[in-house]
Amino acid sequence: MIIVMAPHSTEDELKNVIDKIEEKGLGVHLSKGASRTIVGVIGDKAEIGKLEMQHLSGVEKTVRITEKYKLVSREFKKNNTIVNVDGVEIGGSKPVVMAGPCAVESMEQLMESAEAVASAGAQFLRGGAFKPRTSPYDFQGLAEEGLKMLRTAADANGLKVVTEVVDQRSIETVARYADVLQIGARNMQNFQLLKEVGRAGRPVMLKRGLCATIKEWLNAAEYIMSEGCDDVIFCERGIRTYETYTRNTLDLSAVAAIKELSHLPIIVDPSHGTGRRSMVRPMAMAAIAAGADGLIIEVHPHPEVALSDGEQSLTPADFRSVMEDVNKLAAMLRGEADA
Ligand code: PEP
Ligand code: MN
């Protein structure tokens, strides 16, 4: 069982709740977030079943949830969560598109990318300033210089910024420039990083780990939410299977699974999910048809000279054309007559 304390409950009310639990020989897991305190009850299921806590002063609600992940679950919250990033709604009625290069390479490259993706209808500029590369000898990103470029190019084109944070040290710096903090696939189970990013006061986009099950992914999101962050966005980006034709195997069934198991929004990354430019359009369409709340797509003004992931990056012209198809499909799914 978890007990959600009311936003302005007092320390005495909290103590009273904890005393009542401990009197029964049960344990307590306390999670004090910026906006609310959650008391998790640990111990014998039969004893927990007998607890009556909802009428105690300072308690907002109690929820009995069998799974280990609680705050992220549909049982905890029936209605879909809409993550509102300064007026851009992720999880609302229209798909949100984040687009831009894999890595920030220069102001010129980024400005060209931002203009292209904004004019094609994207709402977010993406781009890594800290790049978790497979080889230490590959381009590692421009760090804070890259973040500044992201902010400048996004602001000049009316876009929001989503960018990856790779370690605890750089959270504050990244949060200064980004609207949404991205946790990359390789860090999905970096629990210390998840906890700290949950305290950063920014929405978090959590990419699925390369070999993560859906339940492991949900638990990773729970780490972020348990620190007081309500705005978590899942991102399916493909998992590793025996298939080698594609870079990863894009698991679109994860979209339906997340919708069943969680109230949080989910977007899809057909770029990393396939590793192939030619497959981005069909998988983007399939993702929207499956119910995804948006897409994150790599776009580079000159993919042939990109410092990373050129082979999966769309040209601005291709991106514009994919956006037209995606928008038509989304309008059709909403039942708009002229779609
Ligand atoms: C990225 O989106 O830039 C990225 C590195 O993706 P992933 O963590 O999914 O590999
Ligand atoms: Mn990439």
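In this predicted model, an oxygen atom of ligand 1 sits 3.0 Å from an N or O atom in the side chain of Q182. That makes a polar contact, the name for a pair of N or O atoms within 3.5 Å (within protein, one must be able to donate a hydrogen and the other to accept it, and residues adjacent in sequence count only if both atoms are side-chain atoms). On its own, ligand 1 has 300 Å² of accessible area (Shrake-Rupley method, 1.4 Å probe), and the protein covers 96% of it.

Who else is around? The residues surrounding ligand 1 (those with a heavy atom within 4 Å) include R126, K131, E164, R237 and H272. Sorted by class, the shell comes out as 6 charged, 3 polar and 1 nonpolar; here Asp, Glu, Lys and Arg count as charged, Ala, Val, Leu, Ile, Met, Phe, Trp, Tyr, Cys and Pro as nonpolar, and the others, Gly among them, as polar.

Then there is R151, found in helix α4, residues 144-156. R151 counts as buried because its relative accessible area is 19%, and buried means under 20% (1.4 Å probe, protein chains only). A polar atom of the R151 side chain lies 2.9 Å from the backbone oxygen of Y177.

Residues are numbered from 1 along each chain as its sequence is written, while chains are lettered from A and ligands numbered from 1 in the order in which they are written. Local features need pLDDT of at least 70, side-chain atom pairs count only at pLDDT 80 or more, and totals for chains, interfaces and linings use all residues, with side-chain values based on heavy atoms and hydrogens and water left out.

Definitions and conventions
Helices (H or I, at least four residues) and strands (E, at least two) are DSSP runs, numbered from the N terminus. Buried means under 20% relative accessible area, exposed over 50%, partly exposed in between (1.4 Å probe, protein chains only).
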